[in-house]
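Please look through the following structure.

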Amino acid sequence: MTPDTNSPTPVKPKTPFHDLDHFVAIPRLSGLAVNADGTRLVTSVATLNSKCNAYVSALWELDPEGNSPARRITRSAKGESGAAFLVNGDLLFTSTRPDPENSDEDPVSALWKLPAQGGEARIVHSRRGGVQGVVAARKADAAVVVAEVLAGSSDEKDDDERRKARKEAGVEAILHTGYPVRHWDADLGPAEPRFFVVEEGEQEALKPATVDEQPQLALCNVTVGMGTSLRNNSPCISPDGAVIITGQTVPTGKGDQRTVLVRIDSATGDRTVILDSPDYDYDAGPVSPDNSTVVVVISRRTGPTTPPDVKLGLLPVNGGPLAPLAADWDAWPSPAAWLPDGSGLIVTADDDGASPVFTLDVATGAVRRVTQDAASYTDVVVSPDGATAYALRSSYEFPPEVVRIDLASGTVTPLPGPVERPALSGRLERVDTTGEDGHPVKSYLVLPAGAGGSSPAPLLLWIHGGPLGSWNAWTWRWSPWLLAAKGYAVLLPDPALSTGYGQKMIERGWGAWGDAPFTDIMAATDAVVARPDIDESRTAAMGGSFGGYMANWVAGHTDRFNAIVTHASLWALDQFGPTTDASFYWEKEMTPEMALANSPHAHVEKISTPMLVIHGDKDYRVPIGEGLRLWYELLSKSALPADANGETDHRFLYFPDENHWILKPQHAKIWYGVVEHFLARHVLGEKVEVPAELGL
Ligand SMILES: CC(=O)N[C@@H](C)C(=O)N[C@@H](C)C(=O)O
């Protein structure tokens, strides 16, 4: 065959961050499961599908000892997720891949089992309404499946018939009687979540079959009649499988709700409310190895002058008082696992630009920081001897990777994984400054290669969302290294309302979004533009979600930036509050006075900076009305309105089929491409074409 001399030879970019096709193709790890004897670790790895227009997850096994390379253990076009080991070593997971033994059925998310001895996975339970997830008991042959039933269904057969009838009639309508009705990008209802205990199924009598033929597992609904109250609540199953502890959301009137803690008997479905307070929401952490005690996450209910606070408590499973645990620790801990001897807990908590692993002594409440690096740990699991933990670790310098943690020494060792760490171009620094009130404000600063006194870098200020969050972990959504590869420095400040800096940092910004959170961000910017390696005359501010709120606030309060990028942003607080998916949460903080005092739309006349507005139509968290109104008001009311020919410096990048995130890889490329075009024009004074796929 004659070689095609017209096609350009593909060139490997310097780093994956120098080429969007390479960036979106970096495999992404999530979740971690360990088997009962600690010899097997499984994580989920998302890669591009063959058309490069979606991510597909597969399960990979890693060697906890770190001797053997990682190996892929599932493979399908639809992908697999939610791995959970049964005590016998079989691996349960969910997948919408077609059933090889029943090609007639429409694919639904079904429960699959990969036998411990090896061989192919098979479906162990499939239902028309699908299966959302599975959790397994640590010490008993027991598992709980989360799956949804139609509100009116009396049993699984009835549910199946109702779903079939709804589908055949082509009905999508939902009749609501309560609140909420949406969550992130999901329409809630008409189905409601239930917890099902997994049981042995019955063999069809007298049917000739091969020896490997096995009946499907049966699901027993142990949460009959719980209505919508299990939405967003996960089951926590005791090690012996006897009880399930969960949060249960109950209405409190006027569209508000709170979460109580419930114990469910796995054998009978009998349930008892074990914690209930008008002042706190409760969530279940793991149950102790001796099945006696559940760790409880206690979240203070907020109000206009009452910021959130998060503490842990220990509660006897069979009744008794809630005992505070490490009450004086100024952190918001998230429990991961009990130490196998029951002496302590492994938790993570945001801390000064990281989210380390800690142990808590349950007798004394003593807190010990285990991991010392500036990294964030999630999905922590523990070995049966309690000497070792495994986790996903990431930071601003590397995406999630599986690591082994020696709990005594704190030594962290990366395990051979499915993917190498991507090479970076540039470097990361920590920046310390102080806010107007003298409170410390910390940031990360990504510097591009070559930035220095003789070639100062243009600066992008990136403002995080939440606002209760921290720039402390890798994110695929906003990767500063892509912009560093284009020569920009990226400032990632943690202003007032950021987590990991104590309760005072939250209090400083609660109900006053336009005050300390804004002035802290400006203080961090001032500190950085004073450096010789940063060019103060070429800057932009960017943010998504609450970060977009703040970008809008910045636009109305300073003209120091050359451009502003605002993604999925809150614009008019009186409109956002009652139209977001969880109004009851925001309206506790946003009194009418607070909304008026802090709403960016009230300052539109002062906006003279070109703005790139980005919004997805299916965003239910920050509904599209925010983006539409911002766009119209920029063109009609700002200090930089559309001119008499309809021309404007502002741009609106609209994604009709994306939500609060830009999930499709081809759209992520458009996102970065348009951002780069806009910044090049207004910050660098250079011309970079918009992506050709926009068809312009
Ligand atoms: C709690 C919450 O969803 N807040 C949003 C307004 C927000 O800022 N979300 C963050 C997490 C984001 O980056 O999307």
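How many nonpolar, polar and charged residues does the shell around the ligand have? The shell has 3 nonpolar, 4 polar and 2 charged residues, where Ala, Val, Leu, Ile, Met, Phe, Trp, Tyr, Cys and Pro count as nonpolar, Asp, Glu, Lys and Arg as charged, and the others, Gly among them, as polar.

This is a predicted model, in which local features need pLDDT of at least 70 and side-chain atom pairs pLDDT 80 or more, while totals for chains, interfaces and linings use all residues. Residues are numbered from 1 along each chain as its sequence is written, and side-chain values use heavy atoms, with hydrogens and water left out.

Around the ligand stand Trp-184, Gly-465, Gly-466, Arg-477, Ser-545, Phe-546, Trp-586, Arg-621 and His-660, each with a heavy atom within 4 Å of it. An oxygen atom of the ligand lies 2.6 Å from an N or O atom in the side chain of Arg-621. For the side chain of His-660, the distance from a ligand oxygen to an N or O atom is 2.8 Å. At Phe-546 a polar backbone atom is 2.8 Å from an oxygen atom of the ligand. Taken alone, the ligand exposes 380 Å², and the protein buries 78% of that (Shrake-Rupley method, 1.4 Å probe).

The protein chain contains 11 helices and 38 strands (DSSP runs: H or I of at least four residues for helices, E of at least two for strands). Its radius of gyration is 26 Å, close to the 26 Å from the globule rule for 696 residues, so the chain is as compact as a globular protein of that length (C-alpha atoms; the rule is 2.2 Å times the number of residues to the power 0.38). Of the 696 residues, 55% count as buried, meaning under 20% relative accessible area.

Note on methods: A polar contact is a pair of N or O atoms within 3.5 Å; within protein, one must be able to donate a hydrogen and the other to accept it, and residues adjacent in sequence count only if both atoms are side-chain atoms. Buried means under 20% relative accessible area, exposed over 50%, partly exposed in between (1.4 Å probe, protein chains only).
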